[in-house]
Protein chains: 4
Amino acid sequence: MTDKVTITGLVATTPRHIVTSDGLPITSFRLACSYRKFDRTENKWVDGEANWYTITAFKQLAINIASSINKGDRVIVTGDLHIRDWDNGERAGTSVEVEATAIGHDLSWGMSVFTRNVLVREHEPEPEVV
Amino acid sequence: MTDKVTITGLVATTPRHIVTSDGLPITSFRLACSYRKFDRTENKWVDGEANWYTITAFKQLAINIASSINKGDRVIVTGDLHIRDWDNGERAGTSVEVEATAIGHDLSWGMSVFTRNVLVREHEPEPEVV
Amino acid sequence: MTDKVTITGLVATTPRHIVTSDGLPITSFRLACSYRKFDRTENKWVDGEANWYTITAFKQLAINIASSINKGDRVIVTGDLHIRDWDNGERAGTSVEVEATAIGHDLSWGMSVFTRNVLVREHEPEPEVV
Amino acid sequence: MTDKVTITGLVATTPRHIVTSDGLPITSFRLACSYRKFDRTENKWVDGEANWYTITAFKQLAINIASSINKGDRVIVTGDLHIRDWDNGERAGTSVEVEATAIGHDLSWGMSVFTRNVLVREHEPEPEVV
């Protein structure tokens, strides 16, 4: 099994949307996830450091993100965590990426108007609603 | 630590919104989470049974859900799982509830237009966006 | 995707181990997961209610649990959550089950001596250790 | 809320145990988490790349890890994910760390003999076992 994470945070860059030469839609953006922590020596809540992620999505999710998510939005993301070392000859580093399986605007921070554009997905049936 | 879950599914009832006598907004609805599984004897994908949850939210999240989420929507929910036995004298049973910390429309299934109405939350600072 | 949970708790029953007529090992036990919560009206930590789960495991994991886990142990479990309504004609109810993908003794609560008896699993390669 | 992860993998370094000058036990090791993925072009399962984490634990959990976990063991870890950029003047990079709240030997891969040495934890009561 891959490493699953669910994170909530602030969209820190304008989502970048491309379509590959063989027709695959891809959207990605940077997400900053911060939290508060209790400092026992100071006996008060202080800012914890933020975790920064690159969020990547494919196919219909990528298309919907491109038309729905803007820099500054608050979102919830769940998906697979990928930690990769990279080296482009000049510089080297580590990227921390979440390949999203689902993303939504976090209603803790605002309201959203939803327009459904997928009726059935191959691997996920519609449960009967009673 | 409480038991955390992240689930995606279909909103199966119209969200019910109340405000308690001491002013606490509460919204709740039923969520059906289904998935496909591979049947090795049949050698094909078949419908798995759905998990049903009662989703409950409080305060600003409850207010935003009431004005944003409708029966039939696809959502992503993360929060604390509570499993409770109940007995009202006539009948007894087990409820499975998720107290949501974040909810959003699942952009795998559609587009959303977001209007932020919370600027800062007490325990969660805004990371500096560069 | 199925609904994933990770829980830590107290093994509340002696694990029950069976082998089905077609040779499948199955082990199951009940797990109680409790936590402390802060009561703002009392201004102190109080006991939260416990979540109770039936933990089920198959194959080699089932065999290893049967020889390793005892009632009263503290464990960590990760797996797929299944919520099922049942009705045996006389009584009806809801079961909350976790089909475990991994289980271990929680070293927050004690020490363990480990003897590995699986070298390679079909779907999970051994990473090269440097 | 902090970013929670649950991971299973191979202990890739001998755990390093220290006690700070003010008496805090800390244990850390490297964990390699790999998985198999299905290659549609090749139509077969292939090795996915491994995610590498630094696992860190404190207090009693640190003490128990130091006496229980060895390089080459298979473990399950749950905790808080911390992604940090570092720069020591000569080199810079990104560390991916999990501050563990619970760790155990993964019984999918072997057997363990457990000796409990913590009876009650301040914030976690013992549920009544019936």
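Student: How many residues of chain B are in contact with chain A?
Tutor: In chain B, 55 residues are in contact with 55 residues of chain A, where contact means heavy atoms within 4.5 Å. This is a predicted model, in which local features need pLDDT of at least 70, side-chain atom pairs count only at pLDDT 80 or more, and totals for chains, interfaces and linings use all residues; side-chain values use heavy atoms, with hydrogens and water left out. Residues are numbered from 1 along each chain as its sequence is written, while chains are lettered from A and ligands numbered from 1 in the order in which they are written.

Student: What area do chain B and chain A bury between them?
Tutor: About 5,000 Å², with 59% of it on carbon and sulfur atoms. Buried area is the accessible area (1.4 Å probe) that two parts lose on being put together, summed over both. On the chain B side, B:W109, B:M111 and B:F114 lose the most area to chain A, together 17% of what that side buries.

Student: How is chain B laid on chain A?
Tutor: By a turn of 180° and a shift of 0.0 Å along the axis, with an RMSD of 0.0 Å. That is the relation of a two-fold axis. Copies are superposed by least squares on the C-alpha atoms of residues with pLDDT of at least 70 in both. Of the residues of chain B, B:G104 comes closest to the rotation axis, at 2.2 Å (C-alpha). The same surface serves both copies, as 100% of the contact residues of chain B recur in chain A.

Student: New topic, the helix. Which residues of α1 in chain A are buried?
Tutor: In α1 (residues 59-68) of chain A, the buried ones are A:L61, A:A62, A:N64, A:I65 and A:S68. Buried means under 20% relative accessible area, exposed over 50%, partly exposed in between (1.4 Å probe, protein chains only).

Student: What covers them?
Tutor: The cover includes β2 (16-19), β3 (25-33), β6 (51-58) and β8 (92-105) of chain A, together with β9 of chain B. In chain D, the buried residues of α1 pack against β9 (110-116) of chain C as well as β2, β3, β6 and β8 of chain D.

Student: What about phi of B:K59?
Tutor: Phi of B:K59 is near 55°, a positive value in a residue other than glycine. Most residues other than glycine have a negative phi. B:K59 is in helix α1 of chain B and counts as exposed, at 57% relative accessibility.

Student: Back to salt bridges. How many over all chains?
Tutor: Eight. One of them joins A:D80 and A:K4, with the closest N and O atoms 2.8 Å apart. The two are 76 residues apart, A:D80 in strand β7 and A:K4 in strand β1 of chain A. A:D80 is buried, at 12% relative accessible area, and A:K4 is partly exposed, at 24%.

Student: Which pair crosses between chains A and D?
Tutor: A:R84, in strand β7 of chain A, pairs with D:E49, in the loop between β5 and β6 of chain D. Their side chains meet in a salt bridge at 3.5 Å, N to O. A:R84 counts as buried at 17% relative accessibility, and D:E49 as exposed at 52%.

Student: Where is A:N51 found?
Tutor: In strand β6 of chain A. A:N51 counts as buried, at 0% relative accessibility. A polar atom of the A:N51 side chain lies 2.8 Å from the backbone nitrogen of D:I83.

Conventions. Helix = DSSP H or I, 4+ residues; strand = E, 2+ residues; numbered from the N terminus. Polar contact = N/O pair within 3.5 Å; in protein donor to acceptor, adjacent residues only side chain to side chain. Salt bridge = Lys/Arg side-chain N within 4 Å of Asp/Glu carboxyl O.
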